[in-house]
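Here are my notes on the model, point by point. Please read them beside the structure.

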Amino acid sequence: MAAFALPAAGIVALAGPAQAAGSATATYTKVSDWGSGFEGKWTVKNTGTTTLTGWTVEWDFPSGTTVTSAWDATVTNSGTHWTGKNVGWNGTLSPGATISFGFNGAGPGSPAGCKVNGASCDGGTTPPADSPPSAPGTPTATGVSDTSLTLGWSAATDDKGVKNYDVYRDGAKIATVTGTGYTDSGLTKGTSYGYTVTARDTADQTGPSSGALSVTTTGGGTTPPPTGSKVKLGYFTDWGIYQRNYQVKNLVTSGTAAKITHINYAFGNVTGGKCAIGDAYADYQKTYDAASSVDGTADTWDQPVAGNINQLRELKKKYPGIKVLWSFGGWTWSGGFGQAAANPAAFADSCYSLVEDPRWADVFDGIDIDWEYPNACGLSCDTSGAASLKNLLSALRAKFGGSNLITAAISADGSNGGKLDLADYAGAAQYVDFYNVMTYDFFGAWDAKGPTAPHSPLTSYAGIPIAGFNSEAAITKLKGKGIAGSKLNLGIGFYGRGWTGVTQDAPGGAATGPAPGTYEQGIEDYKVLKSSCPTTGTIAGTAYAKCGGNWWSYDTPATIAGKMTWAKQQGLRGAFFWEFSGDTANGELANAIHTGLQ
């Protein structure tokens with residue numbers, strides 16, 4: 001990842017092929033445009049008869065147009081002249097082979113003066129003065145049924161005329177049509193799909209993508225959310241009822257229940273290749289008195305289901321729009337997924353039997369998988385292979401069907417060769433309703449001596465300790481793999497991470513160890529930090545605070561508002577957070593997410 005801390009600005013749509021003379025060609029494509037920025041891609045092809053051992057693409061941007069981040073190439077600039085060079089693993093191209101690298105950009109200009117390996121990129125395939133088409137209008141859906149829907153969009157414009165439109169479902173092209181409509185059939189009932197459209201002109205130039213549409217087919221046991229509705233999901237932890245004394249009823253008294261769409265109940269265990277109860281007492285045995293119960297009625301000692309699950313049942317009666325998923329795994333229990341991946345069908349059968357147990361089948365609307373991390377290292381290292389996540393989620397979808405929600409919490413490692421590159425997240429995406437991208441915990445006091453850094457940066461910044469460890473890089477990488485923004489939720493932490501022994505207010509300071517916390521060193525709830533260590537600055541879309549020798553980073557209502565604006569600009573499905581008990585008694589962080597996604 002080559003990252004540049006440069007300001008964002010508006011962008012004029014651009015895309016077009018440009019081929020170089022000699023033994024290589026370079027093709028530029030405008031992949032997407034979200035108003036305040038855009039994603040571009042260069043594709044290099046060896047058109048000669050001998051192997052290339054390296055490649056360099058050069059181009060000029062007009063003043064005010066910049067590259068803000070890039071991947072799969074080392075991108076540098078001298079003024080308005082930009083250069084992309086191969087990295088170590090993708091420099092060799094055999095005859096006929098291609099390689100692509102991408103970047104995020106900002107500004108109103110178009111690339112010009114392209115060269116590939118020193119040869120001109122004006123091979124004549126793009127007619128002079130022929131601009132690419134504009135973006136079509138954001139599609140709308142009509143006639144939504146269990147298995148089909150009809151898309152429509154406003155026409156794109158082009159100086160030489162629009163030839164046709166490419167229709168994409170969840171990032172994959174499904175049709176090319178000449179008109180401004182398409183009927184998609186063969187869909188699964190009760191399932192969410194994301195759609196975008198791009199236009200092609202008579203020179204076969206592709207313009208920028210339309211805005212994204214998320215739509216859910218009818219049918220199944222759940223009511224689909226309204227078209228364009230945003231996910232607002234929070235984690236409820238079974239152990240939070242103990243020392244933290246955070247009960248399901250707190251969702252009501254804080255006002256949070258009225259401002260969320262989903263709850264992930266965490267965690268069920270993964271052991272012996274199967275889904276299993278995590279804490280039987282908390283889950284369904286603990287009895288609540290009338291004052292602690294959501295409905296104001298005391299549990300009886302002999303009722304078949306008490307505990308959190310019964311309280312969630314009572315909550316859903318008050319707020320029938322809330323969907324509840326049982327989340328399995330988490331940091332502590334993810335080690336069990338490797339064995340589960342050896343027999344995905346048996347794992348899916350066990351999970352279905354547990355989640356759909358007649359005692360509480362009415363409570364749960366689906367299952368969430370929190371595997372940290374497939375084919376990579378978390379608390380332990382998994383070696384089950386890149387296809388293991390896809391295989392597991394495929395088996396779950398086959399077992400649970402289209403009427404249940406299936407979701408997964410995934411890594412936010414946007415670095416080159418990082419966790420997101422080690423498993424087939426793109427292939428697995430077809431089986432989930434959405435991914436919860438864990439865009440927090442990038443940095444913390446596990447690096448006891450620092451440098452201090454925000455644990456949930458939205459963007460990169462000068463001096464960030466690890467390139468690619470920020471929300472923008474993660475979302476960009478996932479989109480680059482073909483996963484639609486409508487299947488991605490941005491993660492927010494309702495807590496801070498901190499160091500002690502710090503003398504410098506700005507990020508990047510040295511430390512002596514983790515700052516003291518109520519339950520664990522180096523971590524503290526937002527509801528505590530907002531008063532004990534108020535913010536002293538912001539960086540990369542999040543806040544930080546220095547009080548005495550302690551240094552903390554955490555999100556506030558103001559920074560969450562900014563992140564929600566960004567999430568909407570990116571066409572994301574919504575946001576999720578870890579976890580309810582870190583919020584204030586009046587739920588101000590949950591309210592910031594709710595308000596920001598309106």
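1. In what order do the three strands of the open sheet stand, and is the pairing parallel or antiparallel? The order is S12-S13-S16, and the pairing is antiparallel. Strands (E, at least two residues) and helices (H or I, at least four) are DSSP runs, numbered from the N terminus. Two strands pair if DSSP finds at least two bridges between them.

2. A word on the source. This is a predicted model: local features need pLDDT of at least 70, side-chain atom pairs count only at pLDDT 80 or more, and totals for chains, interfaces and linings use all residues. Residues are numbered from 1 along each chain as its sequence is written, and side-chain values use heavy atoms, with hydrogens and water left out.

3. S12 and strand S13 (residues 149-152) run antiparallel and are joined by three bridges. Thr140 has Gly152 in S13 as its bridge partner.

4. Next, a hairpin. Strand S14 (residues 162-169) pairs with strand S15 (residues 172-177) in the antiparallel sense, over five bridges. Val167 has Ala175 in S15 as its bridge partner. Two residues lie between S14 and S15. Asp170, in the turn, has a positive phi of about 50 degrees.

5. Now the helix pair. Helix H6 (residues 344-355) packs with H7 at an angle of about 45 degrees, and their axes are 8 Å apart. Axes are lines fitted to C-alpha atoms, for helices over the stretch in contact, and angles run from 0 to 180 degrees between N-to-C directions. H6 and H7 are therefore oblique to each other: angles under 35 degrees count as roughly parallel, over 145 as roughly antiparallel, 65 to 115 as roughly perpendicular and the rest as oblique. Among the residues that meet are Phe347 and Tyr352 in H6, with Leu392 and Leu396 in H7.

6. Last, the cores. A nonpolar core is a set of buried Ala, Val, Leu, Ile, Met, Phe, Trp, Tyr and Cys residues joined through side-chain atoms within 4.5 Å; buried means under 20% relative accessible area (1.4 Å probe, protein chains only). The largest has 99 residues, and Ile263, Phe347, Ile367, Leu393, Leu396 and Tyr435 touch the most other members. Helix H7 (residues 388-400) gives the most to this core, with six residues. A second, separate core of 22 residues includes Ala24, Tyr28, Val67 and Leu93.

Definitions and conventions: Buried means under 20% relative accessible area, exposed over 50%, partly exposed in between (1.4 Å probe, protein chains only). Contact means heavy atoms within 4.5 Å.
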